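Please look over the sequence and the three-dimensional structure shown below before reading the briefing that follows.

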Amino acid sequence: MGTGLRDKVLSHEMNLRDMFWRPLPMRLTDLVALFQHKTALAYIAAILVALWAADPHQFRDHFSLGMTALVWLLSGAVLILLKNISFLSVALLSVWRPRTVVYLPILSAYEFFTCILFTNALSIWLSDGEFKTNLIGAYPFYLVTFLTFEMIFVQFILPTLDLGQTDTTETVTGPIPRPQVKDVLTPQPVASATPETVSLANRRLRLDNIQLVTSEEHYLRVVLRGETILHRCKMSDFLDQIQPHHGVQPHRSWWISRHAKPTLAKIGDKPHLTMPGGTPVPIARARLRDVQTWLDLHRDW
């Protein structure tokens with residue numbers, strides 16, 4: 001695999017959906033960071049200890065405590081290996097077919113079934129054929145348990161983890177203040193010798209390519225020219241890097257770029273911002289005057 005393709009596969013966001021069909025933006029670099037994060041490792045270790053203590057597979061009827069722990073550790077290592085292999089396959093698919101959606105529980109079911117086959121074979125081999133527990137027959141029950149653990153992690157633990165990596169792109173030194181309402185009254189220069197950028201996660205985005213940014217729970221949906229991406233971050237992470245002349249925030253969950261050429265319109269009795277061929281952007285009642293002022297000062301299209 002060439003360096004360019006390798007970097008693209010590592011950094012490309014996979015089009016995953018979680019158990020509730022909600023977007024789950026992940027990259028291979030996120031997966032690598034995930035298995036190095038102390039909280040994630042502690043969660044995995046806690047599950048392994050709980051399973052070792054509960055002994056649902058009746059390993060202790062055939063093995064010593066130490067051997068039982070070894071079986072669980074090897075099974076956990078195989079499951080992690082299978083997770084990495086399946087995510088690599090999805091990353092390659094996402095580069096080749098970006099619109100293809102992958103449902104995470106289907107991946108997990110395949111990984112877990114393969115792991116059960118390995119664990120069953122390992123247990124029979126270590127016990128010289130005396131291990132008789134039907135792991136394959138109990139697979140549906142074990143799968144529901146596994147998916148429950150995964151759902152808890154994805155919904156409640158993953159959003160709290162900082163998996164961002166250091167960005168090697170050169171950045172402007174010094175803090176960039178978050179725009180305040182009073183700044184909207186002062187026109188700002190737009191011309192720059194080099195394209196202005198913002199950094200989300202470990203990706204650098206040109207501001208003149210950004211059309212719209214919306215907040216969705218723990219994620220930001222960034223609409224670019226010809227592409228829409230999701231990043232696990234807050235709206236404030238984006239707003240801290242921009243100036244008032246870059247765009248306007250008509251609603252706490254929406255930001256629209258001046259490059260989107262927004263215009264003020266009404267849908268029914270409610271004011272909205274619209275852009276050519278774009279989605280209507282709601283305007284909070286308390287921000288309507290600020291939006292009108294911003295348009296008067298910065299509209300040059």
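Is S199 buried or exposed? In this predicted model, S199 is buried, because its relative accessible area is 18% and the cut-off for being buried is under 20%.

**The protein as a whole**
- The secondary structure comes to eight helices and 12 strands, and of the 301 residues of the protein, 39% count as buried.

- S199 has its place in strand β3, which covers residues 197–200, and its C-alpha atom is separated by 7.8 Å from that of F238, although S199 and F238 are 39 residues apart along the chain.
- Q211 is found in strand β5, which covers residues 210–216, and it counts as buried because its relative accessibility is 14%, where the cut-off is under 20%.
- Leaving aside its neighbours within four places in sequence, Q211 is in contact with several residues, including V223, L224, R225, I256 and M275.

**Cysteines and disulfides**
- A disulfide is a covalent bond between the sulfur atoms of two cysteines.
- A search of the whole structure finds zero disulfides.
- C115 is buried, with a relative accessible area of 5%, and C233 is buried too, with a relative accessible area of 10%.

**The largest pocket**
- The largest pocket has a volume of about 850 Å³, and of the 36 residues that line this pocket, the closest to its centre are I44, I47, L79, F146 and F149.
- The elements that give two or more residues to this lining are α2 (28–34), α3 (38–54), α4 (65–96), α5 (104–126) and α6 (139–157).
- The lining residues of the largest pocket divide into 29 nonpolar, five polar and two charged.

**The second largest pocket**
- The second largest pocket holds about 680 Å³ of space, and of the 23 residues that line it, the closest to its centre are E13, P98, E227, T228 and I229.
- At least two residues of this lining are supplied by each of α1 (3–11), β1 (16–17) and β7 (227–231), and β7 gives the most, with five residues.
- The lining residues of the second largest pocket divide into eight nonpolar, seven polar and eight charged.

How values were computed:
Residues numbered from 1 in each chain as written. Predicted model: local features only at pLDDT ≥ 70, side-chain atom pairs only at ≥ 80, totals over all residues. Heavy atoms only, no water. Helix = DSSP H or I, 4+ residues; strand = E, 2+ residues; numbered from the N terminus. Buried < 20%, exposed > 50% of the residue type's maximum accessible area, 1.4 Å probe, protein only. Disulfide = S-S within 2.5 Å. Contact = heavy atoms within 4.5 Å. 1 Å grid on protein atoms, 1.4 Å probe; cavity = no way out; pocket = protein on both sides within 12 Å on 5 of 7 lines; lining within 4 Å. Points joined across faces, edges and corners; volume = space filled by probe spheres on them. Nonpolar A, V, L, I, M, F, W, Y, C, P; charged D, E, K, R; others polar.
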